Amino acid sequence: MTTKTLLLGAVASAALTLGGAIAPATAEPIVSEPLELDIFFHFRDKYGWDEEWAVAKELTNKTGITLKGTAPVSAGNTRELFNLMIASGDLPDIVGGEFRGSGMKEAFDQYGMEGAFQPLNDLIAEHAPEIQKMLDENPVVKAAISAPDGNIYYVPYMPDGDVARVWYIRQDWLDKLGLEQPKTVDELYDVLVAFRDQDPNGNGEADEVPYFVRHTEEALRLVTLWGARSTGSDTYHQFYIDEGTVAHPYAHENFRTGIANVAKWYDEGLIDKEVFTRKSRARDELLGGNTGGVTHDWVASTAGYNSKLQDQIEGFSFLPMAPPADINGKVWEEHGRIAVKPSGWAIGFSNEHPEETIKLFNYYFTEEGRRMANFGVEGLTYDMVDGKPMFKDSVLNGDGAVVGQMWEIGAQIPVGFQQDYEYERQWTNEIALKGIEMYSQGDYVVDQFLGFAMNAEEKEVYDKYWPNLLSFMQESYEKWILGASDVEADWEGYQAQLERLGYAEVLAALQSSYDRQYGN
C-alpha cells in the first residue's frame, strides 16, 4: 500500500495570527491516574518516538500521560514504515510525524475518510480550547488542514516567522569594484558581468562564478526577475493561485520569458556551469574557494560563512541584499515560511481515550507546552530570563546545530504545535538578523499557499496525469537552461504536449478541490 505526497502551491488568501497569549502558564495534569498511549511517530527517516527523550519524560511529568513509541527509534524509511503500519490494520492510539521532505496530511485525509483516524472537529470544540482558538482566529489554516469531507483528521505543525531564503552578495567584491548592491534586474546583470570579467577575487584568473546555488531550482527561481513564478509554496514545482484560478508556473507565458533570460545568463557564464551537478557542495566549494559571488539561500546558515571564512579569506563579507526589482518594478521574494505544514499527529480509530488524547494535543498549544516543544526542558536546555526562555550556553555553543540538539531530546519535532521563532533567533547571527529585518520591513515575502485536499475522483485524475506532466516540464526547462533546445522555438509544441499529457484535466481537478476547500 503506498501513498503520494500532495503538491502544494500558490498564495494564501488570508493573514495568520499565531502570536499572543495562548493559555495559562502552567497546565493541570490531564489525568488523575497514569495513562499510557501507543504512538507511531517517525520523521526524517531517522527519528522515532523515544520514551528516553527528556521532553517525553517532561510530557509525562506535566500531563500524567506516557507515550510509548511503536516505530523504530532510529533508521528506516518513514513512508515505508507508515505504509506497513496501515497495511497491518493495527493502528496505535496516535500516529504522527512527516515523510522525508513532506508531510502526512494526504495520508491522514485518505485513511481518515476510510475510518483509520478519528475526526477531530467535535473533540477539539469540546476538549481543546487552545487549538479551537487558533482555528477560529485562522480560518485559512482550518481550511488547509480539513479533508475533502470537511473533517479535520490531524493537528498540524505550524512554523513561525516569514523570512526563509534571501539574496546574498559578496560585499567585499562590490567594494573592490566600486559598485553598489543591485536594486533592479538590469543592475544585477551588470554586477554579475563585473564579477565575471573584473577579477574581484584578485587572483588573476577568470575563475569567478557570478551566481551559484545549492539547489538547481534556485537557478530556475531567477524567472521571478521577469515577473514569473517558479513555485507557489515553500517547496519547489508547486501550483499557485492567480486571482482564484489554479495555474502552474511552468505553463505560464511569463515563464517563457523568464526561462529564456535564465538560459541567456547561463550561456554567458553568469550562472554556475555546474548548477545541475554541484548542488549541495556549492556554498562550501565556491565561497570557501573565494570564487562565488551571489546566491539565494537560507538566511541563517548562509550568514554563518562570514565567521567561518573570516580567517581564511581576507576581508570576506557576504551580506544579504534586497530582492532586485523585476522587469515590472516589483520587489518581492517568492520563498517564505509556510504557515502550516502537512505534518503533525492524528488519533487512531481504536484509541479508547480520545478525550485525553486531544487534551494532550491541546497541551502543546498552551504556553507551557509550546515552550517545551520549542526549547526543551527548563534547567536542562534553557532557563527563564526576564520571563523568556533562553537557551543555555551549553546548547548555543554545543556540538552540532541547535535544531539537531533539540531533535535529540524530542523538541522541535513535527508533532502538532506552534513554533516560536524566538528559538531560532537566539542562534542566528547579526548579519542574518539584519537580513530578516530588511525582508520583513520591506514586506517582500509573498504568502505561501497552504495546499489542496483532493477527493478520490480528483486524486485519481491528479495521480494519472501529474507525474508525467512534471517530468516533461522538468526535462524541458533543463534543456532550455543548458542551451540544448530553445524555449522560443519550442513553446508552441511544449504547450501542445502539456495538453496531450492531461494538463487541463489536472487543472480542473485542482480547481474543484480549491473551490470546495477555500471558497471565497
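User: How far apart are the closest N and O atoms in the salt bridge between Glu 422 and Arg 425?

Analyst: Glu 422 and Arg 425 are three residues apart, about one turn, in helix α18 (residues 422-425); helices (H or I, at least four residues) and strands (E, at least two) are DSSP runs numbered from the N terminus. The model is predicted, with pLDDT of at least 70 required for local features and 80 or more for side-chain atom pairs, while totals for chains, interfaces and linings use all residues. Residues are numbered from 1 along each chain as its sequence is written, and side-chain values use heavy atoms, leaving out hydrogens and water. A salt bridge needs a side-chain nitrogen of Lys or Arg within 4 Å of a carboxyl oxygen of Asp or Glu, and here the closest N and O atoms are separated by 3.1 Å.

User: What is the relative accessible area of Arg 425?

Analyst: Buried means under 20% relative accessible area, exposed over 50%, and partly exposed in between (1.4 Å probe, protein chains only). Glu 422 is partly exposed at 37%. Arg 425 is also partly exposed, and its relative accessible area is 35%.

User: Are Asp 109 and Lys 105 buried or exposed?

Analyst: The side chains of Asp 109 and Lys 105 form a salt bridge with an N to O distance of 2.3 Å. Helix α3 (residues 105-113) holds both of them, four residues apart, about one turn of the helix. As for accessibility, Asp 109 and Lys 105 are both buried.

User: At roughly what angle do the axes of helix α20 and helix α22 cross?

Analyst: Two packed helices are described by the angle between their axes and the distance between the axes. Axes are lines fitted to C-alpha atoms, for helices over the stretch in contact, and angles run from 0 to 180 degrees between N-to-C directions. The axes of α20 (residues 456-482) and α22 (residues 503-518) come within 9 Å of each other, and the crossing angle is roughly 130°.

User: How are α20 and α22 oriented to each other?

Analyst: Angles under 35 degrees count as roughly parallel, over 145 as roughly antiparallel, 65 to 115 as roughly perpendicular and the rest as oblique. With a crossing of roughly 130°, α20 and α22 are therefore oblique.

User: Into which classes do the residues of the contact of α20 with α22 divide?

Analyst: Contact means heavy atoms within 4.5 Å. Among the residues that meet are Trp 466 and Leu 469 in α20, with Val 506 and Leu 510 in α22. Ala, Val, Leu, Ile, Met, Phe, Trp, Tyr, Cys and Pro count as nonpolar, Asp, Glu, Lys and Arg as charged, and the others, Gly among them, as polar. The contact of α20 with α22 divides into ten nonpolar, two polar and three charged residues.

User: By what distance are the C-alpha atoms of Val 246 and Ala 509 separated?

Analyst: Val 246 lies in strand β9 and counts as buried because its relative accessibility is 4%. Leaving aside neighbours within four places in sequence, its contacts include Phe 239, Phe 452, Leu 507 and Leu 510. Ala 509 is 263 residues away along the chain, yet the C-alpha separation is 9.7 Å.

User: What is the phi of Glu 243, which is not a glycine?

Analyst: Most residues other than glycine have a negative phi. His 237, in the loop between α9 (216-220) and β8 (240-242), has a positive phi of about 70° and is buried at 10% relative accessible area. Glu 243 sits in the loop between β8 and β9 (245-247) and is exposed at 78%. Its phi is positive, at about 55°.

User: What is the relative accessibility of Thr 78?

Analyst: Thr 78 is in helix α2 (residues 78-88). Not counting residues up to four places away in sequence, Thr 78 touches residues including Phe 40, Phe 43, Phe 99 and Met 104. Thr 78 counts as buried, with a relative accessibility of 0%.
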